[in-house]
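The following questions and answers go through one structure, chain by chain and contact by contact.

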Amino acid sequence: MKALLWRDLRLAVRAGGGFGLALAFFLILCTLVPFGVGPEGGTLARIAPGILWVGALLSCLLSLDRIFALDHEDGSLDLLATAPLPLEGVVAIKALAHWLVTGLPLVIFAPVLGLLLHLPGPAYPWLVLSLALGTPALSVLGAFGAAVTVGLRRGGLLLSLLVLPLYVPTLIFGAEAVRRGAIGADPGTPLLFLAAITLAVLALMPFASAAALRVNLR
Amino acid sequence: MIELGKYAGTVLGAYGISLLLLLGIVGQSLRANARARRELEEHEGRG
Amino acid sequence: MSIWEYANPVKFMRASGAVLPWVAGGAVVCCVAGLAWGFLTPQDYRQGATVKIIFLHVPAALMAINGWLMMLVMSLIWLVRRHHVSALAAKAAAPVGAVMTLIALITGAIWGQPMWGTWWEWDPRLTSFLILFLFYLGYIALWAAVEDADSAADLTGVLCLVGSVFALLSRYAVNFWNQGLHQGASLSVAPGERMSAVYKYPLYLSMLGFFLLFLALVLLRTRTEIRRRRLAALLARENRA
């Protein structure tokens, strides 16, 4: 399992694209929003939690199709399926690698972008905490979408159509926690819900993803 | 004619769009079924 | 004699062919009667003539949710017992359910415009229906995208299971989210909420009508799918020979 994780991480870093791309996209998105809504600090501060969360979600979406597609093309996915490691474990490791490559940098850089968007001071810890709790769910759900669409031509567009509705609860609770943090209210409840969703998804989704992968590798 | 008051456009619009959508899905289903049946019969008739 | 006998495509075709005219006839009679009766009901003192929209809105919403539930049951039967007819029935139900959801959304928007002063309100019910519509779209798109029929049935089945959980989860998340925005918005259009008999009986009739219509459409579309599948199988056999 460790070997697989290292292999995936090394591939992602060497390929170059995956690592920085999501972050750059996140940056561009947060730059574009003020152009769209105007430079007023008050307006930006009010919508900043939502923008940051939607931005994180879309950046995460960008690299989802790479989770299985490359391994499917060169046949290593078939090897992994016949390996002694259960396919559920493979899926979980791949989702973890995706999170380390895209989710974790997003969590770390989100406060910087929060500055750009005039995010109110008390919201920063909650922004980092909610993203840290929520982005693993995004990666695991994304791995499910990638597993369903892996064999398809033009699967990328379908992938977003399938995955984005699944992101709704995570987005709602994540952005709500930051919004409550920004106005000084108690963000405990949405954070707990967020953590609950992430844990449930971590525990259950690898089985669904592995089932979908088995169908696609049949 | 029954009295619809100032909401005539609203009510008629809602009924119009809904019936259009319903007729659309009914028509599409009927046409697809007729086509599938025709193709299958042609094929079975030949073979 | 058990219900599983109808999992045999030949038996299903025979039985559904016999039942379909009756269901379709009942659907037409009930829909026309229910909607016409609803259209002729007196105006509500508060909502005026717009109350008549409820006879479209509520049955469509009902069938939108029940359509997804039916797809869920059919997907489960397919995944557990591998009856092809049930997978095809789930496929057949999806577009019908999507249209029902669309009708519920559009009539809701048209009703909301004069009543709430806005076409769209981010009310929990409305938002959940929008999300349900997105799930329908994804499900239909996945059926269309996968070429191998059995793989498509498997993948959409898994998607339907996951989607059901998340549709339900979104329903509660959306409730939570909107409460966080404005407390106690009284935009509920719950059916049966102090509804007088004048509106109740035509509503029941049109609900029955929509149910029968849904059933007729699903039977018809399942028959279409079975015929298509048979044709594809015949062609494949010929190509092999």
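UniProt positions are given here in the numbering used for this structure, and the annotations may be inferred rather than shown by experiment. The model is predicted.

Q: Which residues of chain A does UniProt list for "transmembrane region"?
A: The record is an unreviewed entry. For chain A, UniProt lists residues 12–37, 43–64, 96–117, 123–150, 157–178 and 190–213.

Q: What percentage of helix does chain A have over residues 190–213?
A: UniProt lists residues 190–213 of chain A as "transmembrane region" in an unreviewed entry. The end C-alpha atoms of this stretch are 32 Å apart, and strand accounts for 0%. Helix over residues 190–213 of chain A is 100%.

Q: How far apart are the end C-alpha atoms over residues 20–40 of chain C?
A: UniProt, in an unreviewed entry, places "transmembrane region" at residues 20–40 of chain C, among other stretches. The model has 95% helix and 0% strand there. The end C-alpha atoms over residues 20–40 of chain C are 30 Å apart.

Q: Which chains share the most contacts?
A: Chain A and chain B do not touch, and their nearest C-alpha atoms are 23 Å apart. There are 2 pairs of chains in contact. Of these, the pair with the most contacts is chains B and C.

Q: How many residues of the side of chain A that touches chain C are nonpolar?
A: The contact takes 19 residues from chain A and 22 residues from chain C. On the chain A side, α7 (124–149), α8 (155–166), α9 (168–182) and α10 (188–217) each supply at least two residues. That side of chain A has 2 charged residues, 1 polar and, as nonpolar, 16.

Q: How are α3(C) and α4(C) oriented to each other, and why?
A: The axes of helix α3 (residues 84–116) of chain C and helix α4 (residues 124–145) of chain C come within 9 Å and cross at roughly 150 degrees. Angles over 145 degrees count as roughly antiparallel. Therefore α3(C) and α4(C) are roughly antiparallel.

Q: What is the handedness of the crossing of α3(C) and α4(C)?
A: Residues of α3(C), including C:A98, C:L102 and C:L105, meet residues of α4(C), including C:F129, C:F133 and C:I140. The residues of this contact divide into 16 nonpolar, 3 polar and 1 charged. The crossing of α3(C) and α4(C) is left-handed.

Conventions:
Residues are numbered from 1 along each chain as its sequence is written. Chains are lettered from A and ligands numbered from 1 in the order in which they are written. This is a predicted model: local features need pLDDT of at least 70, side-chain atom pairs count only at pLDDT 80 or more; totals for chains, interfaces and linings use all residues. Two residues are in contact if their C-beta atoms, placed from the backbone, lie within 7 Å. Helices (H or I, at least four residues) and strands (E, at least two) are DSSP runs, numbered from the N terminus. Ala, Val, Leu, Ile, Met, Phe, Trp, Tyr, Cys and Pro count as nonpolar, Asp, Glu, Lys and Arg as charged, and the others, Gly among them, as polar. Axes are lines fitted to C-alpha atoms, for helices over the stretch in contact, and angles run from 0 to 180 degrees between N-to-C directions. Angles under 35 degrees count as roughly parallel, over 145 as roughly antiparallel, 65 to 115 as roughly perpendicular and the rest as oblique. A crossing is left-handed if the near helix is turned anticlockwise from the far one by less than a right angle, and right-handed if clockwise.
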